[in-house]
Number of protein chains: 2
Amino acid sequence: MENKQFVLVSRPAGVPSAENFKLLDVEIPQPQDGEVLLRTLYLSVDPYMRARMNDRKSYVDPFVVGGAINGGALAEVIESRSAAFKSGDTVLGYLPWQLYSVAKASALQKIDPSLAPLTTALGVLGMPGLTAYFGLLDIGKPKAGDTVVVSGAAGAVGTIVCQIAKIKGCHVVGIAGSDEKNQYLKEELGVDATVNYKTGDLKQELRKACPDGVDIYFDNVGGQVSDVILTMINHGSRTIICGQIALYNLEQPDQGPRVQPYLLVKSALMQGFIITAYTARFGEGVRQLAQWLQEGKLKYAENIVEGFENTPQAFLGLFTGENLGKQLVKVTEPST
Amino acid sequence: MENKQFVLVSRPAGVPSAENFKLLDVEIPQPQDGEVLLRTLYLSVDPYMRARMNDRKSYVDPFVVGGAINGGALAEVIESRSAAFKSGDTVLGYLPWQLYSVAKASALQKIDPSLAPLTTALGVLGMPGLTAYFGLLDIGKPKAGDTVVVSGAAGAVGTIVCQIAKIKGCHVVGIAGSDEKNQYLKEELGVDATVNYKTGDLKQELRKACPDGVDIYFDNVGGQVSDVILTMINHGSRTIICGQIALYNLEQPDQGPRVQPYLLVKSALMQGFIITAYTARFGEGVRQLAQWLQEGKLKYAENIVEGFENTPQAFLGLFTGENLGKQLVKVTEPST
């Protein structure tokens with residue numbers, strides 16, 4: 001058995017590139033008491049990881065230059081020195097970009113592959129699904145008839161937000177960067193109207209898609225799309241700041257129209273939001289999402305890149321809008 | 001008896017001036033059934049009235065060019081055609097800038113001058129006091145030890161916000177535009193630290209005044225002061241957008257650093273707020289404010305300009321930072 005690892009070799013200025021990563025041969029680590037040896041099955045690549053490539057603290061600590069990249073992952077236990085797991089168990093954890101790694105048993109969560117397809121644990125039933133669920137319901141408080149606008153609508157979080165908003169009886173408007181994505185949102189997910197932010201007149205198209213203004217804006221993207229929506233918010237509207245992918249690669253803090261006068265005139269709310277605040281309620285979220293999945297009310301899309309060596313490319317694709325739904329890397333097959 | 005009225009004769013481009021107003025001789029109107037004839041005692045001039053001088057709808061309708069300016073006022077009933085009021089009663093209402101006016105009885109609120117000084121009904125026990133009370137407590141949710149920063153701290157709302165935050169055990173930092181105002185905030189109101197936004201290094205002084213960052217920002221002003229505070233907010237902080245006086249006189253929407261990345265990283269809230277949303281709870285607010293007043297926990301400052309003809313000057317002074325506390329115009333003495 002050989003082991004490989006992706007490390008961060010330099011911090012990007014602006015858009016990250018393959019040169020920021022390096023593939024190394026490393027030893028297979030030995031588990032100590034209370035630890036397990038893992039074989040990585042799937043790696044999750046997510047937009048928030050861009051912020052960790054900078055050297056300033058965001059809501060998670062930065063990656064270390066020369067150290068392994070890490071993130072959400074599914075893995076199989078191949079050697080256990082903990083009573084909590086046995087060989088062959090499938091686990092969810094926060095793991096390095098490595099073929100084999102060691103983790104503390106207490107930091108892992110056992111996954112039952114018979115309940116739902118394995119990869120849903122990194123998508124609709126995992127962090128992105130929970131982000132959509134708590135962000136939209138807890139902060140957005142959707143009511144039937146509300147107009148809900150979702151930026152990054154075809155992404156891992158956006159696709160779930162759109163569908164939960166439909167379940168709640170809202171008029172849902174999705175914004176994405178290709179006609180193919182927008183067609184998926186409309187035809188597969190039942191979104192009422194879509195806007196392609198790369199083509200056409202954004203302002204005019206958004207006004208047409210939201211004839212009654214905007215009650216909830218679930219923002220995964222930020223930037224100029226958000227500037228336009230700001231001028232359309234209704235009295236008492238709620239803007240959920242979930243991501244700002246349009247800004248992650250900027251070297252300087254970005255300028256835009258001040259939001260405060262709009263929030264004042266409309267008695268409107270804008271709330272930043274990180275899913276870890278809801279850890280205590282994850283069980284509730286997963287149960288409801290799984291039920292909707294079973295009832296056929298919720299669909300999910302995955303974009304799976306094959307091969308560990310392609311992990312950086314899968315990550316970089318998030319910033320060029322290549323993924324529809326959850327972006328994953330399949331490292332290897334489960335042995336069972 | 002002669003009657004006089006101030007009308008808006010032109011809309012300001014930028015900072016308003018005396019030329020936007022004109023004093024006219026008008027007839028004394030006759031009350032109809034259900035109405036009363038009023039003699040104006042005090043007029044309230046408030047920053048939000050600047051927005052009404054523009055021709056676009058804000059949260060209140062614009063003034064009409066050629067029509068009377070109106071706003072909060074105290075008046076004495078001199079003729080009543082309503083069972084609800086009798087001659088000599090003191091009332092609070094929304095009245096034109098006129099010596100004598102007629103109002104529907106149903107739109108007026110009776111004031112008992114024996115309970116508290118009359119002018120408190122336009123200040124600490126009126127709209128500004130209630131704005132401070134509900135904005136700080138309901139949106140800001142102050143906890144003992146929180147750092148609360150107040151812009152426009154020496155104004156009608158700001159002085160009350162500072163004191164309620166002190167009552168709640170917070171570390172209170174007031175921002176005002178003169179050393180005299182800041183001295184008042186510290187020595188009379190017990191504010192912990194003050195910053196003069198017109199002199200010195202705003203960023204450095206704010207950081208010194210808030211060594212533990214900012215938990216609550218009660219924003220009456222907006223603009224560059226707010227840009228600095230944005231970089232200092234703590235995880236879970238609450239920004240209450242109560243006014244944006246720094247922006248009211250701008251002809252173009254203003255640009256500033258985008259707030260969304262800061263709100264995201266800090267899981268922070270920003271909420272626009274208009275006091276009329278709390279109408280149903282005004283009784284609760286007035287009772288609590290009156291109790292604090294009686295207990296000596298709350299002080300109030302008034303800046304009273306004498307003479308109806310000086311009403312525009314009193315209003316214009318709001319934008320040059322002349323007032324400490326509530327700006328009022330005394331039109332005439334109560335007869336009783």
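Q: Which residue of β12(B) is the bridge partner of Val214(B)?
A: In this predicted model, Val214(B) has Ile233(B) as its bridge partner.

Q: What makes β11 and β12 of chain B a pair of strands?
A: Two strands pair when there are at least two bridges between them. Strand β11 (residues 214-219) and strand β12 (residues 233-241) of chain B are joined by 5 bridges and run parallel, so they count as paired.

Q: Why are the β10 strands of chain A and chain B said to stand at the edges?
A: The sheet is open and holds 12 strands, with β10(A) at one end of the order and β10(B) at the other. Each β10 (193-196) has a single partner strand, so one side of each is left without a neighbour in the sheet.

Q: How do you know that the pair Asp25(A) and Lys4(A) is a salt bridge?
A: The cut-off is 4 Å between a side-chain nitrogen of Lys or Arg and a carboxyl oxygen of Asp or Glu. The closest N and O atoms of Asp25(A) and Lys4(A) are 2.7 Å apart, so the pair qualifies. Asp25(A) is in strand β2 and Lys4(A) in strand β1 of chain A, 21 residues apart.

Q: Why is Asp25(A) called exposed, and what is Lys4(A) called?
A: Exposed means over 50% relative accessible area. Asp25(A) has 57%, so it counts as exposed. Lys4(A) has 21% and counts as partly exposed, because this value falls between the limits of 20% and 50%.

Q: What makes the salt bridge of Arg258(B) and Asp254(A) a link between two chains?
A: The closest N and O atoms of this pair are 2.5 Å apart. Arg258(B) lies in the loop between β13 and α8 of chain B, and Asp254(A) in the loop between α7 and β13 of chain A, so the pair joins two chains. Arg258(A) likewise forms a salt bridge with Asp254(B), also with closest N and O atoms 2.5 Å apart. Between chain B and chain A the count is 4 salt bridges.

Q: Why is Arg258(B) called buried?
A: Buried means under 20% relative accessible area. Arg258(B) has 9%, so it is buried. Asp254(A), with 28%, counts as partly exposed.

Q: How much area do chain B and chain A bury between them?
A: The two chains bury about 2800 Å², 57% of it on carbon and sulfur atoms. In chain B, Arg258(B), Gln260(B) and Leu264(B) lose the most area to chain A.

Notes
Residues are numbered from 1 along each chain as its sequence is written. Chains are lettered from A and ligands numbered from 1 in the order in which they are written. This is a predicted model: local features need pLDDT of at least 70, side-chain atom pairs count only at pLDDT 80 or more; totals for chains, interfaces and linings use all residues. Side-chain values use heavy atoms; hydrogens and water are left out. Helices (H or I, at least four residues) and strands (E, at least two) are DSSP runs, numbered from the N terminus. Buried area is the accessible area (1.4 Å probe) that two parts lose on being put together, summed over both. Buried means under 20% relative accessible area, exposed over 50%, partly exposed in between (1.4 Å probe, protein chains only).
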